[in-house]
Amino acid sequence: MLYKEICLENYTDLPKAVLNGADRIEICDNLAVGGTTVSKGVMAKAIKYTHEKKIPLVFLIRARGGDFVYNDIELKIIEADILEAQALGADAVCIGALTADNELDYDALENLIAAAGGMELVFNMAFDELDFKHQKEAIDWAIEQGFSRILTHGGPLSTPIEANLSHLKELIAYADGRITILPGGGLTSKNAEQIATELGVSAVHGTKLL
């Protein structure tokens, strides 16, 4: 049985996704720009609904679309949104931050992890902006910091995920079960089973999996 994490924009389709068999939900706003943080109101309603249905819920915490290189004000916004999610009882947050050289912004990330205060941590697709050497380092670091999984397309979102399978296999092999490498971006109900089988994974992420 393939475990399906469904990425939704806002609250609107949440009840339908749960009814149709979503195993876990990620919620964000503004999917057209890669996703941003939803409002406090959406957070509260989504948490209440998924807790009642006993469905795990993840919030993407991202101040804006575009790259993952954030200035101090943007990082403060992200931190405040994490604290808000925590106060509302969120299960998990999906975060990521890079330096201008496309390496992990360790200082920023450590502050965000501290703000999460024990919530489950997921690393977002900022991971795909790293070169392979730094991706391996990021995997090791994420494990040390207690992240449960890394969401990755295996390459630029402009490429079909099928073109990235070789790279994804290398990442999965390097992780070696120490952390979940969660394939996402371009997965649908039509290709998810085949891709998951080729990669040897039991969980996938996408907007059109149901």
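Here is a short walk through the structure, with something to select at each stop.

**Before you start**

You are looking at a predicted model, where local features need pLDDT of at least 70 and side-chain atom pairs count only at pLDDT 80 or more, while totals for chains, interfaces and linings use all residues. Residues are numbered from 1 along each chain as its sequence is written, and side-chain values use heavy atoms, with hydrogens and water left out.

**Stop 1: Arg24 and Glu5**

Select Arg24 and Glu5, which form a salt bridge with their closest N and O atoms 2.4 Å apart. (A salt bridge here is a side-chain nitrogen of Lys or Arg within 4 Å of a carboxyl oxygen of Asp or Glu.) Arg24 sits in strand β2 (residues 24-28) and Glu5 in strand β1 (residues 3-9), so the pair ties together parts that are 19 residues apart in sequence. Helices (H or I, at least four residues) and strands (E, at least two) are DSSP runs, numbered from the N terminus.

Are these two buried or exposed? Arg24 is buried at 10% relative accessibility, and Glu5 is buried too, at 3%. For these words, buried means under 20% relative accessible area, exposed means over 50%, and partly exposed is in between (1.4 Å probe, protein chains only). The areas come from the Shrake-Rupley method with a 1.4 Å probe, and for residues only the protein chains shown count as cover.

**Stop 2**

How many salt bridges does the structure hold? The count is eight.

Pick Glu84 and Lys40 next; this salt bridge has its closest N and O atoms 4.0 Å apart. The pair links distant parts of the chain, with Glu84 in helix α3 (residues 72-88) and Lys40 in helix α2 (residues 40-53), 44 residues apart. Glu84 is partly exposed at 28%, whereas Lys40 is exposed at 52%.

Then click on Arg64 and Asp67, whose side chains meet in a salt bridge at 2.9 Å, N to O. Arg64 is partly exposed at 23%, and so is Asp67, at 43%.

**Stop 2: the cysteines**

A disulfide is a covalent bond between the sulfur atoms of two cysteines; the cut-off used here is a pair of cysteine sulfur atoms within 2.5 Å. For Cys94, the nearest one is that of Cys7, at 8.8 Å. Cys7 is buried at 6% relative accessibility, and Cys94 is buried at 0%.

**Stop 3: positive phi angles**

Most residues other than glycine have a negative phi. Asn102, though, has a positive phi near 55°. Find Asn102 in the loop between β4 (92-95) and α4 (106-116), where it is partly exposed at 31%.

Asp176 also has a positive phi, near 50°. Look for Asp176 in the loop between α6 (165-175) and β7 (180-183); this residue is exposed at 62%.

**Last stop: a negative patch**

Show the surface and select Asp101, Glu103, Asp131 and Glu137, which form a negative surface patch. Patches are made of residues with over 30% relative accessible area and no salt bridge, with like charges joined within 9 Å and nonpolar side chains (Val, Leu, Ile, Met, Phe, Trp, Tyr) within 5 Å. Lys and Arg count as positive and Asp and Glu as negative, with His and the chain ends not counted. Each charge is placed at NZ of Lys, CZ of Arg, CG of Asp or CD of Glu.

Finish on Glu137, in helix α5 (residues 132-145), which is partly exposed at 33%.
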